[in-house]
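This briefing is for a first look at a single protein chain. Please keep the structure open while reading the points below.

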Amino acid sequence: MKKSSISNNPLQLKSLNHISVACRSLERSLEFYQNVLGFFPIRRPGSFNFDGAWLSNYGIGIHLLQCDDLEEEDVPAAGITRINPKDNHISFQCESMAVAEKKLKEMEVEYVKSRVEEGGVYVDQLFFHDPDGHMVEICNCDNLPVVPLLPAAAAAVVVRGGGCRSSESNILSLGRSCSTLNSSTSS
């Protein structure tokens, strides 16, 4: 693949729309995604020939797919004995790691804590499974700025954490706050 096609958005993608999750029990998964993660049900087309549910929140969708014919090895829960942060997972940014952890304890959701450090900036992570063993992460990842490795992509990036617009010149200023970045680029 040519470098220029990567930075030019060849498929003209706009955003993440949804994630589909195969589940053994639609009811258990609905309860988890609504009560633990805060998603709400939305209308699902009636033309599907299998049970499922569509949920939405945070600008993305979760499509639950009832799979009655799943073999034990087809769903992660079949072989899961521990929570492994290196498994495939979906990740959600949260407002307060302390609140998220407290709520998981109250709901008796088993989780693993992890911490990543980059240049004195810390990202805390909580990993846990949905009822079918799919990994979920809750984090404060917006502590880390987004630093594109491709120069052409730098102009289009929004640095997480403060919502400040970035350009190639200020995106590399990792240790500076958004207000410092904005004031240094607007003068």
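Which elements each supply at least two residues of the lining of the largest pocket? They are β5 (89–93) and α3 (97–106). The model is a predicted one.

**The largest pocket**

- The volume of the largest pocket is about 460 Å³.
- Its lining consists of 18 residues, and those closest to the centre are Leu37, Tyr58, Gln93, Cys94 and Ile138.
- Helix α3 gives the largest share of the lining, with four residues.
- By residue type, the lining splits into twelve nonpolar, four polar and two charged residues.

**The open sheet**

- An open sheet is built from four strands in the order β1-β4-β3-β2, with mixed pairing.
- The edges of the sheet are β1 (18–23) and β2 (40–42); each has a single partner strand, so one side of each lacks a neighbour in the sheet.
- On average, neighbouring strands of this sheet are turned by 35 degrees against each other, with direction ignored.
- Strands β3 (residues 52–57) and β4 (residues 60–66) run antiparallel and are joined by six bridges.
- Trp54 has His63 in β4 standing opposite.

**Salt bridges**

- Side chains of opposite charge can pair when their charged atoms come close.
- The count of salt bridges is five.
- One of them joins the side chains of Arg24 and Asp132, at 3.8 Å from N to O.
- This pair links distant parts of the chain, 108 residues apart: Arg24 is in the loop between β1 and α2 (26–35), and Asp132 is in the loop between β7 (121–129) and β8 (135–139).
- Asp132 has a relative accessible area of 3% and is therefore buried, since buried means under 20%.
- Arg24 is partly exposed, at 30% relative accessibility.
- Another salt bridge joins Lys102 and Glu106, also at 3.8 Å from N to O.
- Both residues, Lys102 and Glu106, lie in helix α3, four residues apart, which is about one turn of the helix.
- Lys102 is exposed at 52% relative accessible area, while Glu106 is partly exposed at 49%.
- A network of salt bridges links Lys102, Lys103 and Glu106.
- The side chains of Arg115 and Asp124 also form a salt bridge, at 2.7 Å from N to O.
- Arg115 is exposed, with a relative accessible area of 53%, and Asp124 is partly exposed at 21%.

Technical notes
Residues are numbered from 1 along each chain as its sequence is written. This is a predicted model: local features need pLDDT of at least 70, side-chain atom pairs count only at pLDDT 80 or more; totals for chains, interfaces and linings use all residues. Side-chain values use heavy atoms; hydrogens and water are left out. On a 1 Å grid over the protein atoms alone, a cavity is a set of points where a 1.4 Å probe fits but cannot get out, and a pocket is an open set with protein on both sides within 12 Å along at least five of seven lines; lining residues have an atom within 4 Å of a point. Grid points are joined across faces, edges and corners, and a volume is the space filled by probe spheres set on the points. Ala, Val, Leu, Ile, Met, Phe, Trp, Tyr, Cys and Pro count as nonpolar, Asp, Glu, Lys and Arg as charged, and the others, Gly among them, as polar. Two strands pair if DSSP finds at least two bridges between them. Axes are lines fitted to C-alpha atoms, for helices over the stretch in contact, and angles run from 0 to 180 degrees between N-to-C directions. A salt bridge is a side-chain nitrogen of Lys or Arg within 4 Å of a carboxyl oxygen of Asp or Glu. Buried means under 20% relative accessible area, exposed over 50%, partly exposed in between (1.4 Å probe, protein chains only).
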